[in-house]
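Please consult the sequence and the structure shown below while reading.

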Protein chains: 2
Amino acid sequence: MNNCDTDRPIGVFDSGVGGLTVAAAIKKALPGESIVYLGDLLHLPYGSKSGKAVLDFTRAAVNFMLGRGIKLLVIACNTATSVAMHIIEKELDIPVIGVIEPGAQSACSVTENGRIGVIGTTGTIKSGAYERALKKKNASVSVFQKDTPLLVPLIEEGWIGHPVLKMVLEEYFTFFNSTSIDTMVLGCTHYPLIRRQIQEVTGSVHIVDSAETTAAAVKSLFENHRLGRSSEAGVGYEIFLTDYTDNFRSVGEKILQRKIDTVTTVTLRYSNGRVMYRENLYGELV
Amino acid sequence: MNNCDTDRPIGVFDSGVGGLTVAAAIKKALPGESIVYLGDLLHLPYGSKSGKAVLDFTRAAVNFMLGRGIKLLVIACNTATSVAMHIIEKELDIPVIGVIEPGAQSACSVTENGRIGVIGTTGTIKSGAYERALKKKNASVSVFQKDTPLLVPLIEEGWIGHPVLKMVLEEYFTFFNSTSIDTMVLGCTHYPLIRRQIQEVTGSVHIVDSAETTAAAVKSLFENHRLGRSSEAGVGYEIFLTDYTDNFRSVGEKILQRKIDTVTTVTLRYSNGRVMYRENLYGELV
């Protein structure tokens with residue numbers, strides 16, 4: 001790529017606000033890069049939708065991102081990665097990084113006894129994508145997967161320090177009681193926000209945070225392929241949403257630890273393989 | 001209406017599976033009627049989407065229902081009723097019944113001290129629709145509203161008998177501690193499924209179940225306007241969904257207390273005021 005190409009932004013896509021944990025981790029690892037973020041709030045949560053629906057949504061989102069001239073696509077949504085990434089990456093001529101493979105890589109590196117737990121939405125767990133990715137890295141690991149669909153609603157409700165969260169985690173984690181896992185993959189981009197609470201319930205188990213591991217994978221790709229920006233600091237974040245709600249802003253500001261001043265709402269339509277989009281400036285929120 | 005007209009089905013619309021509580025209550029009150037049910041699973045939950053998005057989704061759903069020849073539209077979704085009903089009913093030449101007005105009517109009839117509580121999704125509560133409907137019935141009532149967004153995920157997770165549900169209800173209901181309400185409106189079509197658990201926490205408060213009250217409003221409208229079927233039993237339920245997931249079937253069978261054998265998935269598109277839809281037979285599920 002020439003200088004001009006490497007100055008293009010990184011595209012980060014999620015169904016909602018959770019992917020901002022990945023965007024923030026990338027920005028921390030590569031502070032000079034610009035990030036275009038697309039949150040498909042109109043269709044969230046992906047975890048409870050069919051595979052066909054998730055593939056359609058992802059295709060529409062990716063086509064919008066390509067229109068913004070991205071140099072790398074990060075699918076910062078576990079459900080979209082598990083259901084759609086293997087199809088999408090064949091259709092694009094830019095690199096694609098999902099949140100599953102880096103997490104699987106990291107889990108296989110840190111486990112000592114080869115027994116790995118995974119938690120995620122029902123869609124992610126049902127797809128079996130983590131199990132496949134982990135077994136591909138190391139066929140001898142044992143994988144124990146549990147869907148934990150109440151965690152995102154609890155995080156979005158802001159009950160992070162509430163005893164109900166602890167009770168829900170304890171109930172879900174009884175599933176791992178006799179599995180002897182020594183490593184737990186957080187298979188949802190919301191979960192880094194309750195990493196401490198999860199650690200309290202799991203004790204000494206290694207926690208693999210897919211936001212951090214994905215950011216490390218982006219950094220490594222950039223170093224190996226000279227994809228990093230040639231000029232100085234990027235413009236930060238540009239945020240596009242398919243629907244706007246105050247919840248995005250309040251949770252998003254917690255994740256980014258900064259004010260979100262402007263978002264742009266966009267309308268995506270997927271029809272006969274061609275995506276049309278229309279932009280509407282939502283305007284200043286402050 | 002002539003005989004042929006009254007033999008047409010009743011259309012019941014919700015974002016998901018919850019509206020089946022309303023459909024079941026209508027079927028109980030009027031066993032001879034046929035019901036066409038549309039669940040917009042592709043976009044659920046409506047409670048966390050913007051008003052504009054909910055109006056667009058509702059218009060697309062209603063146009064599909066009109067194509068099925070319905071004689072009455074029941075909006076069995078509190079969010080869609082609160083956000084879109086006052087607009088939709090002006091656009092149609094068949095009667096429209098939402099879930100809010102019947103619930104408000106019933107609450108105003110049963111309250112003795114004029115102090116009424118309402119629980120619902122964030123979208124429903126933020127819209128203020130229950131407060132307006134209650135005040136319209138009786139300007140002197142005091143209304144206390146609390147959004148309770150964790151209840152639907154808990155019901156869908158099947159944790160109806162779990163101590164976490166009780167703890168969440170107790171936490172939410174501290175909001176009503178010093179309000180002296182004697183009546184509580186269940187402002188979400190999922191909540192009838194946890195009516196007993198709610199009653200345990202609220203004690204002697206009257207519970208108003210909007211599924212039952214909406215069915216009573218349909219029955220009364222049919223009696224007053226001779227809209228009931230002239231022939232014998234209807235064909236039961238025809239179920240259309242914009243996306244199919246197993247969760248619809250498992251929760252739906254609990255609500256209807258019968259097997260759901262067949263659903264049809266449909267694609268709705270709302271574009272320049274015109275809705276196009278395509279039907280795909282999902283096929284036998286059993």
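In chain A, helix 3 passes helix 4 in a right-handed crossing, a crossing being right-handed if the near helix is turned clockwise from the far one by less than a right angle, and left-handed if anticlockwise. This is a predicted model, in which local features need pLDDT of at least 70 and side-chain atom pairs count only at pLDDT 80 or more, whereas totals for chains, interfaces and linings use all residues. Residues are numbered from 1 along each chain as its sequence is written, while chains are lettered from A and ligands numbered from 1 in the order in which they are written.

**Helix 3 and helix 4 of chain A**

- The axes of helix 3 (residues 51-67) and helix 4 (residues 78-91) of chain A come within 9 Å and cross at roughly 65°; axes are lines fitted to C-alpha atoms, for helices over the stretch in contact, with angles from 0 to 180 degrees between N-to-C directions.
- Helix 3 of chain A is therefore roughly perpendicular to helix 4 of chain A (65 to 115 degrees).
- From helix 3 of chain A, A:Gly51, A:Val54, A:Leu55, A:Thr58 and A:Val62 meet residues of helix 4 of chain A, including A:Val83, A:Ala84 and A:Ile87.
- The residues of this contact comprise 8 nonpolar, 3 polar and no charged (Ala, Val, Leu, Ile, Met, Phe, Trp, Tyr, Cys and Pro count as nonpolar, Asp, Glu, Lys and Arg as charged, the others, Gly among them, as polar).
- Helices are DSSP runs (H or I, at least four residues), numbered from the N terminus.

**Domains of chain A**

- Chain A is divided into domain 1 (3-98 + 213-284) and domain 2 (100-211), with bounds from an automatic or database domain assignment.
- Their centres, taken over C-alpha atoms, are separated by 23 Å.
- Domain 1 of chain A gives 27 residues to the contact and domain 2 of chain A gives 25, two residues being in contact if their C-beta atoms, placed from the backbone, lie within 7 Å.

**Chains A and B**

- In the interface, 19 residues of chain B are in contact with 19 residues of chain A.
- Helix 8 (151-156) and helix 9 (163-173) of chain B each supply at least two residues of the side that touches chain A, and the largest share, 4 residues, comes from helix 9 of chain B.

Conventions:
Angles under 35 degrees count as roughly parallel, over 145 as roughly antiparallel, 65 to 115 as roughly perpendicular and the rest as oblique.
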